[in-house]
Amino acid sequence: MTILAPAAPSTDDALGTSAARTRSAVLERQIRENPGRFRVLTGDRPTGRLHLGHYFGTLHNRVRLQDLGVELFVIIADYQVLTDRDVADNLTEHVEELVLDHLAIGVDPERSTVFTHSAVPALNQLLLPFLSLVSVAELNRNPTVKDEIAHSRQSAVSGLMFTYPVHQAADILFCKANLVPVGQDQLPHLEITRTVARRFNDRYGAVFPEPDALLSDAPLLLGTDGTKMSKSRGNAIALAATADETARLIKGAKTDSERHISYDPAGRPEVSSLLLLAALCQGRTPEEVAADIDSAGAAALKRTVTESVNEYLAPIRSRRAEYAQDRAYLRRVLREGNERAGAVADATLAEVRTAMNSHY
């Protein structure tokens with residue numbers, strides 16, 4: 001799942017991350033042995049076009065899991081756009097852009113379910129009983145929510161922001177997902193989901209799995225200004241960018257004054273991020289790319305990155321342009337995905353009502 005900016009990790013967080021990494025290694029083996037036993041829930045907020053940071057961070061992993069035979073649910077979290085903003089601007093356009101990006105990278109709507117929050121009422125109805133299972137103090141302790149509240153662009157913190165982890169629990173548990181690909185900053189959110197599942201099962205009977213985190217070693221790609229790559233900062237290379245736009249963005253990327261090109265993430269973060277990007281596109285190591293450029297300087301580095309990115313994205317952009325010509329197909333993908341997700345959510349909500357003895 002995609003969530004908001006992380007808070008600084010504590011010692012307990014570090015221990016939790018270590019355990020999650022060990023568990024993830026086991027899960028990867030199990031996925032290869034029996035992918036059909038896993039159901040994954042992942043997704044994004046529709047706040048703009050997805051970029052290379054998203055792609056190498058999470059998107060290509062979704063396609064990998066799908067192609068291994070794991071059942072994939074991709075949520076376009078349109079309701080959650082409102083967690084940190086007053087209005088969901090250009091929502092229809094942003095939703096369609098997300099569908100285009102996923103189709104272009106290889107998400108197959110015949111094998112995976114792509115759907116929107118707002119089209120699955122039964123999913124959102126789970127939020128009410130789930131909220132009864134967690135305390136205000138537990139929500140208040142969530143480090144990512146605390147950090148986002150501190151940096152919120154809203155004049156006041158909304159209830160949706162505060163209850164975000166429980167809404168995310170509903171996203172995951174409505175389809176009984178047992179595997180959630182996350183970054184280490186998202187572990188506290190997933191722990192809330194596991195807590196909700198455990199407490200519901202203890203109180204009402206076994207209905208939900210306690211989903212595992214599948215931690216990825218997602219590469220950290222900086223934006224062209226040397227800060228975190230972000231849609232809102234205008235420093236990202238969108239998957240939908242043209243070759244010329246890509247060249248312009250990379251040409252303006254921040255580097256440093258040293259002519260010799262070396263991979264040193266701590267000492268030379270901007271240069272190293274560009275090397276990493278080229279390496280990911282070439283299927284090589286950043287050190288190998290740096291050795292090729294050697295002392296040719298920043299211009300040669302940027303030329304290498306531009307050529308690598310444009311070559312890598314060419315087939316993705318071609319597919320995207322083809323899908324963009326058929327908006328009716330995009331709407332059909334969403335409609336059919338919403339119907340499948342809705343049927344799953346209705347069945348889960350019926351189980352919940354039975355467990356809670358609330359069938360009338």
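Leaving aside its neighbours within four places in sequence, which residues is Ala-177 in contact with? They are Arg-39, Val-40, Leu-41, Ile-172, Pro-209 and Pro-211, where contact means heavy atoms within 4.5 Å. The structure is a predicted model, in which local features need pLDDT of at least 70 and side-chain atom pairs count only at pLDDT 80 or more, while totals for chains, interfaces and linings use all residues. Residues are numbered from 1 along each chain as its sequence is written, and side-chain values use heavy atoms, with hydrogens and water left out.

**The chain as a whole**

- The protein chain has 15 helices and five strands; these are DSSP runs numbered from the N terminus, with helices (H or I) of at least four residues and strands (E) of at least two.
- For 360 residues a compact globule would have a radius of gyration near 21 Å, and the protein chain agrees with this because its own value is 21 Å; the radius is taken over C-alpha atoms, and the globule rule is 2.2 Å times the number of residues to the power 0.38.
- Taken along the principal axes, the box filled by the C-alpha atoms of the protein chain is roughly 75 × 50 × 50 Å.
- Of the contacts in the protein chain between residues at least 6 apart in sequence, 79% join residues at least 24 apart.

**Surface and charge**

- Buried residues make up 51% of the 360 residues in the protein chain, where buried means under 20% relative accessible area, exposed means over 50%, and partly exposed is in between (1.4 Å probe, protein chains only).
- The accessible surface of the protein chain is about 16300 Å², and carbon and sulfur atoms account for 51% of that area; the areas come from the Shrake-Rupley method with a 1.4 Å probe, and for residues only the protein chains shown count as cover.
- There are 40 positive and 46 negative side chains in the protein chain, and the centres of the two sets lie 1 Å apart; Lys and Arg count as positive and Asp and Glu as negative, while His and the chain ends are not counted, and the place of a charge is NZ of Lys, CZ of Arg, CG of Asp or CD of Glu.

- Helix H9 is largely enclosed by the rest of the structure, because 10 of its 10 residues are buried; among them are Tyr-164, His-167, Asp-171 and Leu-173.
- Ala-177 has its place in the loop between helix H9 (164-173) and strand S4 (179-182), and it is buried, with a relative accessible area of 0%.
- The C-alpha atoms of Ala-177 and Ala-156 are separated by 33 Å, although the two residues are 21 apart along the chain.
- Lys-176 is found in the loop between H9 and S4, where it has a positive phi of about 55° although it is not a glycine, and at 25% relative accessibility it counts as partly exposed.

**Cysteines**

- Cys-175 counts as buried at 0% relative accessibility, and Cys-281 is also buried, with a relative accessible area of 13%.
- The count of disulfides comes to zero, where a disulfide is a pair of cysteine sulfur atoms within 2.5 Å.

**Two exposed residues**

- Lys-251 lies in helix H11 (residues 243-251) and is exposed, with a relative accessible area of 68%; its C-alpha atom is separated by 9.7 Å from that of Leu-301, which is 50 residues apart along the chain.
- Asn-357 is found in the segment after helix H15 (327-355), is exposed at 67% relative accessibility, and has a positive phi near 60° in a residue other than glycine.
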